[in-house]
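Let us walk through this structure step by step. Keep the sequence and the 3D view side by side.

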Protein chains: 2
Amino acid sequence: MKDKQQNILIIGAGLCGSLLALRLGQRGYNVTVMEMRPDMRKVDISAGRSINLAFSDRGIKAMNMVGILDKVMPLCIPMNGRMLHDLEGNTILSPYSGREEEYINSISRGGLNSLLLDEAEMHDNVTIHFNKKCLSVDFEKTTATFKDYNSQSEFVEDADVIFATDGAGSAMRKSYYLSKKFLFSFSQNWLSHGYKELSILPNENGDFKTFKNALHIWGRESFMLIALPNLDGSFTVTLFLSYDEGEYNFNNLTTKENVLEFFGKYFKDALELMPNLAEDFFENPTSPLGTVKCSPWHYKGNTLLMGDAAHAIVPFYGQGMNASFEDVTVLDQVLEEGHKDWETIFKIYESRRKKDTDAIADLAIDNFHEMKGHVNHPNFREKRKLEMALEKEFPEYASKYSLVTFNEDMGYQEAMLRGRAQDKAILNMLAEGTLNMEDDLKTNFEKVKVETDHILEEDRIAKNA
Amino acid sequence: MKDKQQNILIIGAGLCGSLLALRLGQRGYNVTVMEMRPDMRKVDISAGRSINLAFSDRGIKAMNMVGILDKVMPLCIPMNGRMLHDLEGNTILSPYSGREEEYINSISRGGLNSLLLDEAEMHDNVTIHFNKKCLSVDFEKTTATFKDYNSQSEFVEDADVIFATDGAGSAMRKSYYLSKKFLFSFSQNWLSHGYKELSILPNENGDFKTFKNALHIWGRESFMLIALPNLDGSFTVTLFLSYDEGEYNFNNLTTKENVLEFFGKYFKDALELMPNLAEDFFENPTSPLGTVKCSPWHYKGNTLLMGDAAHAIVPFYGQGMNASFEDVTVLDQVLEEGHKDWETIFKIYESRRKKDTDAIADLAIDNFHEMKGHVNHPNFREKRKLEMALEKEFPEYASKYSLVTFNEDMGYQEAMLRGRAQDKAILNMLAEGTLNMEDDLKTNFEKVKVETDHILEEDRIAKNA
């Protein structure tokens, strides 16, 4: 891969595509990026996409790779834990970790994406074009067809290698699927729940109306509301609700009265902060929540899917953006190893990466159930209490959440397997009474370790029989 | 559903479609069936589809439902166990159950399908048309468009209800997917292995060249060969092999010399029975092995996917046909309950059935690994030995294989969960030394029961935390 004069085409200048463009630009490749949307630095295009996102250690690692973490941090609002709101409006803060330095951040999608575009464009060898929608990719010829939204004309772009970072609805993935030229495994799975974005506006002084440094959760078992802070003093609020099941659902919440009744009954304290609720509710779209998995991601050494185009996940672990950034980190490590051709690079990349993006997809669905229900259950809370204490006391202990979120050098799959075994160990020992919260912490730490290893070993034996 | 004058359209007259036509015909509906292929009773169309299949208790239950088991049994060859062939050609018979009356059957696809077509056509209210290929289904209007292969013309068929039993490549499923009119979850997953059908012909007297009443397996860890007997004294042999991995694979087995070398090295005793190997190998197609899952299967009360169209699975549990037949049994039970409209019927059917077809899809993939490798491992064989003894002694004991295959009144999901827990219990106790094969059987039976329940309980606690 010494030949840096190669022409690389990137489809999509979202978070993953613009980071990839920046990194390949830093590596000296000739990079052309085609983005469907207008330039977000000139036009407001936030509507319909989540306004803020959770940014954590895997994302931080990627920003360090390209050397711009110092420019990213000012865009962040630390969220140290989950602020759980009950039906009466009582709140309790449940920290994400027992260690103070481990927290996640609320960050503006637009702010971060604009920064990445700016940084990429600083490289003379990187060019970004907007309003160019990809229609299809000929992965055998390594060409892509675009439509120019300004001129309404179509044109074909030729490249040595094409990366598709064009999101969950990827045009290149569709070309893979429809071509039937190779065995393409593919899945799209929708949750029965959709989501709708709402907002808590700042108060008259421009200040936050409720506690700033938390991810607020109103978990109601079969549905939930969450809120993340923005730099301007507002919160972006998201309602996750079934389309058609339960007493209240997106299909039957059709009048202002219904909506106010629903919020008054289940989210009383949130409703008090949202005089603008009904307006938001009927102006903003209801969107579905889907998981996309596929394989292979690459076609020979010609093309590669990355980010949401390869693995779209539901938002409940706050890892969508972090996982897409980590894609670039992992690809960069493979590039650093100096393999001789793109096909080898893509094969190694996919074999290292696929298991981890599959794992975070599954973890994200698990966390939906955790957030809307389990966080309120006594046995879950007891587990969290113990884990907070363990994390505080023992640097080598990390809960499943911490393994996934704050251990950027452990892959998602390993984090999932270890984290699930640990959860199972603690919950079962608590249920059996073999773990006593009154015992000293060191004793309990050892018990959890031994039982976790035992569970992993039993799974290993059953699997390899 | 008192109105039996409703017009029902069934797309596809394969095993599932013809059984469904027969059953709905028996129930008095006006049934029209459209089949893409020519009438198999008049034209030989076996090429490219598996010639024989495993027929077991869930299939038997369905044949009893329509009252034709006595006509099916003469088509069957009992297979009492797996005949395992090692590299040197030594064989060992591993029974499917410790109970003599529990075995599976090799049955001819064509023979059984023809019987079902005959039986369905005996009803005046059932009409079957051949050479009519479904192009698409308008599930909102409840119409389907067909192409007549004889006249080459297209026509539209209107119905009150449409059932699509048109197999893994279902045209109606494609219409669901492409329409984007509702959230359709869908997955297609390919194994890295493909398959090719070969044959062991009868000897000059028309007799079987090797033991008749077994499913023969040459498991070689990363690939395998199997053989099932046919009524004419031949065996249908299937090679399961990677497309592109390993020393020998479908992509590099391109010469007669290569093929003979490969078989000589790994399937010596089989090769001796197959003088026709090279001819078969290069004449017969190599086909992929895929799993299809989707949901919802129905669109309101208009349309329903059944059989492989709803849930195509890999062949390794011998349950593909049995599961499709069971679809009809389950639907029939729901019909029997007398619900007021098709939408209610379809909703209840899917809610009862989907979890089970998901389970058998996963079990079938597990069994690929069991057949090609585990059957040869010492700990697996020790487990099977214990289970044979338990099944022989205790009528209430059933191995995972027996739960899936011989317990037609237990759903696949329950069979999977209980069967996996049981396997894990036995394997772990054997590994830990807490289960001693020398102990008396009653003691070991109790140990397995207690440990299995313990595992299920621990999983339950972890899941509901």
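Start with a pair of strands in chain A: β10(A) and strand β11 (residues 154-158) of chain A pair in the antiparallel sense over 5 bridges. Strands here are DSSP runs of E with at least two residues, numbered from the N terminus. Two strands pair if DSSP finds at least two bridges between them. Across this pairing, T143(A) stands opposite D158(A) in β11(A). The hairpin of β10(A) and β11(A) has 5 residues between the strands, and Q152(A) there takes a positive phi near 65 degrees.

This is a predicted model: local features need pLDDT of at least 70, side-chain atom pairs count only at pLDDT 80 or more, and totals for chains, interfaces and linings use all residues. Residues are numbered from 1 along each chain as its sequence is written, chains are lettered from A and ligands numbered from 1 in the order in which they are written, and side-chain values use heavy atoms, with hydrogens and water left out.

Now look at another partner of β10(A). Strand β9 (residues 132-138) of chain A runs antiparallel to β10(A), joined by 6 bridges. S136(A) has T145(A) in β10(A) as its bridge partner. The hairpin of β9(A) and β10(A) has 4 residues between the strands, and T142(A) takes a positive phi near 55 degrees.

Is β10(A) enclosed or open? In strand β10 (residues 143-148) of chain A, 5 of the 6 residues are buried, so the strand is largely enclosed by the rest of the structure. Buried means under 20% relative accessible area (1.4 Å probe, protein chains only).

Key. Buried means under 20% relative accessible area, exposed over 50%, partly exposed in between (1.4 Å probe, protein chains only).
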